[in-house]
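Try each task before reading its solution.

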Amino acid sequence: MAHSSSRPQSLPPLHRLLVVGSGGREQALAWALRRCPGVDEVWVTPGNGGTMDLEGCRALGISELDADGLITHCRNSAIDLVVIGPEAPLAAGVADRLREAGLAVFGPGADGAQLEASKAWAKQLMQEGGIPTAGHWAVSEQSEALALLDRLQRPLVVKADGLAAGKGVTVAETIEATAAAIKEAFAGRFGSAGERLVLEERLQGPEVSVFALCDGERMVLLPPAQDHKRLLEGDRGPNTGGMGAYAPAPLLDAAGIQQVKEQVLTPTLNALRSRGIQYRGVIYAGLMLTNAGPQVIEFNCRFGDPECQTLMPLMGPELAQVLQACALGCLDLAPPLAITEACSACVVTAAEGYPEAPSKGDAIRIAPDADPQRQLFHAGTRRDQDGRLLTSGGRVLTQVAQGDSFDQAFARAYQALETVDYRGMQYRRDIGHQVRRS
């Protein structure tokens with residue numbers, strides 16, 4: 001195994017991979033990486049109830065935060081590449097520990113993961129790098145936040161500074177709602193993540209997500225995707241981790257993607273490097289396309305969930321080598337990443353009571369589906385002692401489908417969902433309404 005700091009002359013062979021995480025995103029990554037030529041097996045830890053259904057994938061019982069356990073497994077199983085899915089292990093420095101042990105890791109160190117782990121840190125970086133983003137104020141006291149609101153006299157976006165599993169943001173419509181969100185956060189709604197807040201000016205425009213695979217100096221951009229955060233149809237109801245997505249989002253054409261690269265992603269990578277941070281992983285830029293051009297709403301240090309599930313079926317067979325090259329700091333040695341020309345749609349099914357108090361332990365029934373243009377990725381599922389599939393989290397399954405048009409792709413996805421059932425299953429029927437004609 002090449003030590004991550006030494007630059008190889010060519011990419012070493014890639015046979016055994018480890019994907020860290022248990023959600024739909026990690027299920028999709030494992031599925032896509034296993035399809036790459038030369039990859040013999042993909043371990044997933046801790047995985048979920050669907051991990052063992054993926055051909056050539058094996059589940060492991062090690063916690064995503066257990067760096068020692070992960071290192072031991074990687075040595076014993078001769079793992080060639082580790083891909084860390086969720087933000088929590090990245091923010092906790094798991095990638096650093098694995099790199100110190102000589103492993104190739106796709107995922108930033110704790111220093112780079114601050115892009116997501118601290119909104120205030122990310123805002124500071126954007127200011128220094130001249131990256132377009134909303135005006136903001138970082139506050140550590142409720143009195144300070146309310147005094148600022150009183151002075152500004154307009155609704156603001158209220159964000160927990162730390163990691164809140166994608167649920168720490170309130171886009172307030174009124175001054176009263178802004179004040180209520182500030183008080184809730186300081187009263188402990190987000191635990192330690194809400195001890196500091198970032199208050200932001202509200203921006204107007206459609207949202208789009210862009211993902212850059214980075215090796216510290218270079219990057220490869222994936223097709224833009226659009227996520228649906230609200231629980232209910234018509235973009236109503238509480239914010240969630242994401243109820244569905246589609247890609248490529250037509251909001252950004254080739255010129256728009258180039259603009260995002262030049263104005264947002266390259267300056268971000270440069271700003272990280274100027275702080276001595278070698279960022280080897282994915283930079284997720286959540287953007288709002290305003291009249292003044294693209295503005296960053298947030299950065300994440302990992303793939304979006306469910307955008308990842310939408311994008312993975314579009315990735316060419318070079319994906320594993322591209323992620324490996326990012327991990328080793330030599331993206332210029334990787335083959336170009338082919339992207340399938342298709343529309344990809346995904347719909348998330350949630351448990352009853354999601355997002356506040358999701359029901360768990362309900363039996364799931366899934367009919368076999370042989371359609372090669374459909375994928376069902378598990379997220380909040382587990383197997384009991386008898387091998388029965390049960391719900392175990394808020395977002396349970398992600399149904400993905402591809403087609404020549406978004407109408408066709410979504411029709412395929414929704415048709416497949418008719419053969420899935422568990423008590424209290426809920427999903428939106430209007431995912432992709434922006435791009436569907438029917």
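**Exercise 1: the second largest cavity**

By class, 6 nonpolar, 2 polar and 3 charged residues line the second largest cavity. Ala, Val, Leu, Ile, Met, Phe, Trp, Tyr, Cys and Pro count as nonpolar, Asp, Glu, Lys and Arg as charged, and the others, Gly among them, as polar. The model is predicted: local features need pLDDT of at least 70, side-chain atom pairs count only at pLDDT 80 or more, and totals for chains, interfaces and linings use all residues. Residues are numbered from 1 along each chain as its sequence is written, and side-chain values use heavy atoms, with hydrogens and water left out.

Task: state which elements give two or more residues to the lining of the second largest cavity.

Solution. Start with the term: on a 1 Å grid over the protein atoms alone, a cavity is a set of points where a 1.4 Å probe fits but cannot get out, and lining residues have an atom within 4 Å of a point. The lining residues include Val158, Lys159, Thr170, Ala181 and Leu197. The elements are β7 (157-160) and α8 (175-186). Helices (H or I, at least four residues) and strands (E, at least two) are DSSP runs, numbered from the N terminus. The volume is about 40 Å³; a volume is the space filled by probe spheres set on the points, with grid points joined across faces, edges and corners.

**Exercise 2: the largest cavity**

Task: find which element gives the most to the lining of the largest cavity.

Solution. The largest cavity has a volume of about 70 Å³. α6 and β17 (293-300) each supply at least two lining residues. α6 gives the most, with 4 residues. The lining divides into 5 nonpolar, no polar and 5 charged residues.

**Exercise 3: histidine 73**

Task: decide whether histidine 73 counts as buried or exposed.

Solution. Histidine 73 lies in helix α2 (residues 67-76). Buried means under 20% relative accessible area, exposed over 50%, partly exposed in between (1.4 Å probe, protein chains only). Histidine 73 has 9% relative accessibility, so it counts as buried. Leaving aside neighbours within four places in sequence, histidine 73 is in contact (heavy atoms within 4.5 Å) with Leu18, Trp43, Leu60, Ile62 and Ile79.

**Exercise 4: glycine 130**

Task: classify glycine 130 as buried or exposed.

Solution. Glycine 130 sits in the loop between α6 (119-129) and β6 (136-139). Its relative accessibility is 59%, so glycine 130 counts as exposed. The C-alpha atoms of glycine 130 and threonine 268 are separated by 8.8 Å, though the two are 138 residues apart along the chain.

Key: 1 Å grid on protein atoms, 1.4 Å probe; cavity = no way out; pocket = protein on both sides within 12 Å on 5 of 7 lines; lining within 4 Å.
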